[in-house]
Each structure stands twice: as C-alpha cells, then as structure tokens.
Amino acid sequence: MDELMNQLVWIHPKITDPQNKQGNFGRIMMIQPERNQTVVSFENGHIGKYQLDTLFLLKPSILLLEHIYGKKLANWNDHRSILDIYYLAQTGKTESIEMAIEMATRNMVIADTALVSVREWLELQLARIMDRHTPAVARGR
C-alpha cells in the first residue's frame, strides 16, 4: 500500500461529498482498507475521507502497454487515446497525469482500460502477493 501514498487520484463525479470535490484531483494520505476508506488531501489544504471505490488512478504503465500492444480495441481512436494516456503518464508530471485521467474519463471504454479504483488496485496487489506465495504445485503449474 505504501506505493499508493501521495498518488494522484480522481474523485468520482457522481458521489455525495461533503467536501464538494467530486470530479477533482487529490493525493492519497492514508488508506484504511478495513474501514473501506482512503484519506485524501487537496491543494487548498482540505482533507476528505472517501470509500475505496470512489477514487480512481491510472493503471500501471505495464498494463497500459498490454492494451496498446496486446489487446485490440474496436475503435482506432480509443487505441490512440490509450497510447496518448500512456505517454502522458510517462512524464511523471502532475499536470500530465491529470490530463491523462481527464482523457480517460471522457469515454467509458478508455476509462475501463486506463483507470482503476483504489479498491481494485488493492485487490490486484493482494492477488499478486498471494500468487507469489502460493507454491507452483498448488497453482497447477
């Protein structure tokens, strides 16, 4: 979970939020999976608590590359958008990552391909850890 600390996240625009930060960006300060909660800080100094499935971040670059080179999207423009998102993410600059996330949110196909909720990210990490610690015989290999 440490790798998510200070990560840029996008708050889903259709949630009820006392902070009124729907559709805005913030940074992860703390994750409490047992409470289904993430603490997010904002540029203006405000702090908010959000459910794990209401915050989204870009998928790791390797997963974006898998889509670019491995899976064919039905629409060439969608494929090109994923490539653009990948290049923006590679800069590591906050403005570029915000732009990449905004691009992804304009189209559901692209959003499903390029974004992941904090909950999904944690589940993927747990699955990866479990797979590493399960003997190959138990996995059927």
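The legends below describe several close-up views of a predicted model.

View 1. The protein has 141 residues, of which 40% count as buried. Among the contacts in the protein with a separation of 6 or more, 49% are made by residues 24 or more positions apart.

**View 2. The open sheet of six strands.** The strands of this open sheet are arranged in the order S4-S3-S2-S1-S5-S6, and their pairing is antiparallel. At the edges stand strand S4, residues 47–51, and strand S6, residues 115–117, and because each has a single partner strand, one side of each is left without a neighbour in the sheet. Direction ignored, neighbouring strands of this sheet are turned by 45° against each other on average. As a general point, the strands of a sheet pair through backbone hydrogen bonds, and this pairing can be either parallel or antiparallel.

**View 3. Strand S5 and its two bridged neighbours.** Strand S5 covers residues 55–58 and pairs with S6 in the antiparallel sense over three bridges. Within this pairing, Leu-57 has Val-116 of S6 as its bridge partner, while Leu-58 stands opposite Leu-115, also in S6. S5 is joined to S1 as well, by two bridges, and these two strands run antiparallel; here the bridge partner of Trp-10 is Phe-56 in S5.

**View 4. Helix H3 against the sheet.** In this view, strands S5 and S6 are seen together with a helix that packs on the sheet. Helix H3, residues 94–105, touches strand S1 (8–11), strand S2 (25–32), S5 and S6. The direction of H3 makes about 35° with that of S1.

View 5. Val-39 lies in strand S3, which runs over residues 37–41. Its relative accessibility is 8%, and Val-39 therefore counts as buried, since the cut-off for that class is under 20%. Not counting residues up to four places away in sequence, Val-39 touches Arg-27, Ile-28, Met-29, Met-30, Ile-47, Gly-48 and Lys-49. One of these, Lys-49, is 10 residues from Val-39 along the chain, and the C-alpha atoms of Val-39 and Lys-49 are separated by 4.6 Å.

View 6. The structure holds three aromatic pairs. One of them is formed by Phe-42 and Tyr-50, whose rings are arranged edge-to-face, with 6.3 Å centre to centre and 75° between the planes. Both Phe-42 and Tyr-50 are buried. The ring of Phe-42 also has a charged residue over its face, namely Lys-21, which lies at 5.1 Å from the ring centre.

**View 7. Two asparagines with positive phi.** Asn-20 lies in the loop between S1 and S2, and its phi is near 55°, a positive value in a residue other than glycine. With 57% relative accessibility, Asn-20 counts as exposed. Asn-36 is found in the loop between S2 and S3, and the phi of Asn-36 is likewise positive, near 55°. With 22% relative accessibility, Asn-36 counts as partly exposed.

Methods
Residues numbered from 1 in each chain as written. Predicted model: local features only at pLDDT ≥ 70, side-chain atom pairs only at ≥ 80, totals over all residues. Heavy atoms only, no water. Phe/Tyr/Trp six-rings, centres within 6.5 Å; stacked < 30°, edge-to-face > 60°. Buried < 20%, exposed > 50% of the residue type's maximum accessible area, 1.4 Å probe, protein only. Lys NZ or Arg CZ within 6 Å of the ring centre and 35° of its normal. Pairing = 2+ DSSP bridges. Helix = DSSP H or I, 4+ residues; strand = E, 2+ residues; numbered from the N terminus. Axes fitted to C-alpha atoms, helices over the stretch in contact; angles between N-to-C directions. Contact = heavy atoms within 4.5 Å.
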